[in-house]
Structure formats: C-alpha cells, structure tokens
Amino acid sequence: YGGAWHPVGGAVSELEQHLYLPLRHPDPAGRQLIDVLRAGRALDRPWLAIDTDTAPGCTLDAGCVELFDHRAEIVPPGTRWRPAMVTSPRTGGRDYPALVACGYDAGDDGWLICRFDPHTVRQIAAELGGPWRAGTMPGEYPLLRFDGSTVVLLEETDSADGARLDVDDRCYPDRDGYYSIGAYRWFWHT
C-alpha cells in the first residue's frame with residue numbers, strides 16, 4: 001500500500017503490479033541502486049522517491065530513484081485546512097493547536113495530517129526537551145531542534161556509550177510558514 005494521503009473513508013487500493021528494484025544492476029550512468037541507498041544513509045537523506053513510470057518490461061534502476069532529506073508535499077495541492085487541537089503519543093499526550101487537512105487522513109485509523117505554526121513548533125520542541133523527560137527511557141520520545149528555519153526531528157537510541165541522537169526527519173516551513181511535524185509518523189488525533 002502507498003503511504004500517502006487518501007480521502008477520508010476512502011479505500012486504499014491494492015497494488016496492481018509488483019515492481020522489483022535490482023540493487024546491484026547498474027543504470028545507464030553506471031550507478032547501482034545499493035550505492036545510491038548507502039549514499040543516502042551517509043548523507044542523512046532518509047526519504048526515497050521512486051519514479052515508477054517505466055516502459056512495460058523495463059527494470060527500475062538507480063536512475064528511477066531520488067533521495068531527499070525531507071518530504072515536500074504532505075497533501076495534494078489546494079487542500080483546505082481547519083484549526084483543531086491535536087495530540088500524539090509522541091508528544092506525551094500534550095495538546096497543540098494545528099491546522100488539519102480537510103477531507104484527508106493518514107490511514108485506516110483516521111490519523112490526522114497536521115501542520116503547525118512556528119510558535120507552536122518551538123513550544124513542542126521546548127516541552128519535548130523539558131525536565132519531565134528525565135524520567136523516561138531513551139528513545140521513548142523524540143526531540144526537536146531548530147537548525148536555522150529547519151526543524152530537525154531526532155530519535156534517541158540507547159547504546160553502550162550512552163544515548164545517541166540520530167536525525168529521523170527534517171521539516172522545512174511550507175510556503176505559508178507552517179511545519180508538518182511528524183506527518184504520517186506521529187499519529188496525530190484530536
């Protein structure tokens with residue numbers, strides 16, 4: 001199933017075909033998909049976009065993929081937004097004002113697709129890094145950090161050397177200045 005928006009109450013369609021990506025078969029430029037994927041990991045580009053528009057019988061290869069450090073569009077263009085108070089298990093159940101996509105959700109469980117103004121994102125970041133966190137397990141809750149106007153979502157991993165922070169996602173402000181913090185992953189609800 002595709003992991004993207006779909007109309008509220010709309011059925012998620014079955015795949016019509018199976019597509020295979022050979023990891024070691026070079027594309028016309030000589031690149032192997034496995035090397036592209038490894039480079040994405042090394043460059044902190046965790047999002048993979050696959051262009052499946054190939055001629056029948058052709059193999060998808062490294063030339064059909066692109067790696068990104070963030071997702072650009074979380075809903076179709078022209079989507080209307082309504083204000084709502086939302087929460088997520090990833091925020092420790094705290095409530096935040098958001099704009100919620102009208103007519104779209106992020107799955108069969110009705111998770112909302114949200115975006116937040118910069119002030120609210122700074123509040124979420126401050127609260128996720130607050131003193132209450134000392135009583136939690138490493139990795140139980142994410143952390144948010146600003147890098148200029150970019151919000152970096154960090155996941156904490158417990159290791160033998162202590163806790164390690166890994167970049168899980170990046171959120172850039174959209175054209176209206178809002179951030180899609182945790183879209184499709186933090187399971188937002190009212």
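**Reading a predicted model**

Tutor: Start with one residue and its surroundings; the model is predicted. Not counting residues up to four places away in sequence, valine 151 touches Val121, Leu144, Arg145, Phe146, Asp169, Arg170, Cys171, Tyr179 and Ile181.

Student: Which residues have the most contacts inside the largest nonpolar core?

Tutor: In soluble globular proteins, nonpolar side chains tend to be buried together. Here the largest nonpolar core has 21 residues, and those with the most contacts inside it are Val86, Cys114, Phe116, Leu144, Val151, Ile181 and Trp188. At least two residues of this core come from each of strand 4 (81–86), strand 5, helix 2 and strand 9. The most is given by helix 2, with four residues.

Student: Which residues of helix 2 are buried?

Tutor: An α-helix has 3.6 residues a turn, so residues three or four places apart point the same way. In helix 2, which spans residues 118–128, the buried residues are Thr120, Val121, Ile124, Ala125 and Leu128. They lie on the same side of helix 2 because they cover an arc of only 140° around the axis. The exposed residues His119 and Ala126 are carried by the face turned away from that buried side.

Student: What covers the buried residues of helix 2?

Tutor: The cover includes strand 5 (96–101), strand 8 (143–147) and strand 9 (150–159).

Student: Which residue caps the N-terminal end of helix 2?

Tutor: Look for a side-chain oxygen and a backbone nitrogen. The cap is aspartate 117, with a side-chain oxygen 3.0 Å from the backbone nitrogen of histidine 119.

Student: How many disulfides does the structure hold?

Tutor: A disulfide is a covalent bond between the sulfur atoms of two cysteines. The structure holds zero disulfides.

Student: Where do cysteine 102 and cysteine 171 fall on the burial scale?

Tutor: Cysteine 102 is partly exposed, at a relative accessible area of 27%. Cysteine 171 is buried, at 3%, and is one of the residues that valine 151 touches.

Note on methods: Residues are numbered from 1 along each chain as its sequence is written. This is a predicted model: local features need pLDDT of at least 70, side-chain atom pairs count only at pLDDT 80 or more; totals for chains, interfaces and linings use all residues. Side-chain values use heavy atoms; hydrogens and water are left out. Buried means under 20% relative accessible area, exposed over 50%, partly exposed in between (1.4 Å probe, protein chains only). The arc is that of the directions from the helix axis to the C-beta atoms. Contact means heavy atoms within 4.5 Å. A polar contact is a pair of N or O atoms within 3.5 Å; within protein, one must be able to donate a hydrogen and the other to accept it, and residues adjacent in sequence count only if both atoms are side-chain atoms. A nonpolar core is a set of buried Ala, Val, Leu, Ile, Met, Phe, Trp, Tyr and Cys residues joined through side-chain atoms within 4.5 Å. A disulfide is a pair of cysteine sulfur atoms within 2.5 Å.
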